[in-house]
Amino acid sequence: MINFLIADDHAFLRRGLRQALQEEFLSAKIIETETGRATIEAVKTHQFDLVVLDINFPDINGIDVLKEIRLVNQSVPVIIFTLYPEEHYALRAFDAGASGYVTKDSGPDEFISAVTKVLDGNAEAR
């Protein structure tokens, strides 16, 4: 079983990500969070195989959330999933410890490809 954390403040988007992950990873266990603080707490209390993390949260910037995740768990792979193009945040995200960067205008196949590559130990930028 693969354990995912989907961290995004938009419920509709979380639902779409959940569906895409469940279609590809049939036995996946998925937890969702909608704030930066809840995301950090989830990483403290659960073991995840992958975190899908937005940059925008109502309480904490996602890059700062990523930095906190790295203090709690250095090894969990994190894919930044954001509407911001690579040139705006990708370098900062990778410097903070991201394993991948996918923009929200990517299709489901591109997203799943990035997830699969990161789970296999390969960094993925889109």
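Modeller: Here is a quick run through the fold, and bear in mind that this is a predicted model.

Biologist: Okay, how many helices and strands does the chain have?

Modeller: Five helices and six strands.

Biologist: And in what order do the elements run from the N terminus?

Modeller: They go β-α-β-α-β-α-β-α-β-α-β.

Biologist: Let's zoom in on the start. Do β1 and β2 run parallel or antiparallel?

Modeller: Parallel, with five bridges joining β1, residues 3–7, to β2, residues 29–33. One of the bridge pairs is Ala7 with Thr33 in β2.

Biologist: What does the chain pass through on the way from β1 to β2?

Modeller: Helix α1, residues 11–24, and that β-α-β crossover is right-handed.

Biologist: Switching topic, what share of the residues is buried?

Modeller: Buried residues account for 47% of the 126 in the chain.

Biologist: And the surface, how much of it comes from carbon and sulfur?

Modeller: The chain exposes about 6,500 Å², and carbon and sulfur atoms supply 48% of that.

Biologist: Last one: of the contacts between residues at least 6 apart in sequence, what fraction joins residues at least 24 apart?

Modeller: That fraction is 60%.

Conventions: Residues numbered from 1 in each chain as written. Predicted model: local features only at pLDDT ≥ 70, side-chain atom pairs only at ≥ 80, totals over all residues. Heavy atoms only, no water. Pairing = 2+ DSSP bridges. Helix = DSSP H or I, 4+ residues; strand = E, 2+ residues; numbered from the N terminus. Right-handed = clockwise from strand over helix to strand, strands pointing away. Buried < 20%, exposed > 50% of the residue type's maximum accessible area, 1.4 Å probe, protein only. Contact = heavy atoms within 4.5 Å. Areas by Shrake-Rupley, 256 points an atom, 1.4 Å probe, with all protein chains shown as cover.
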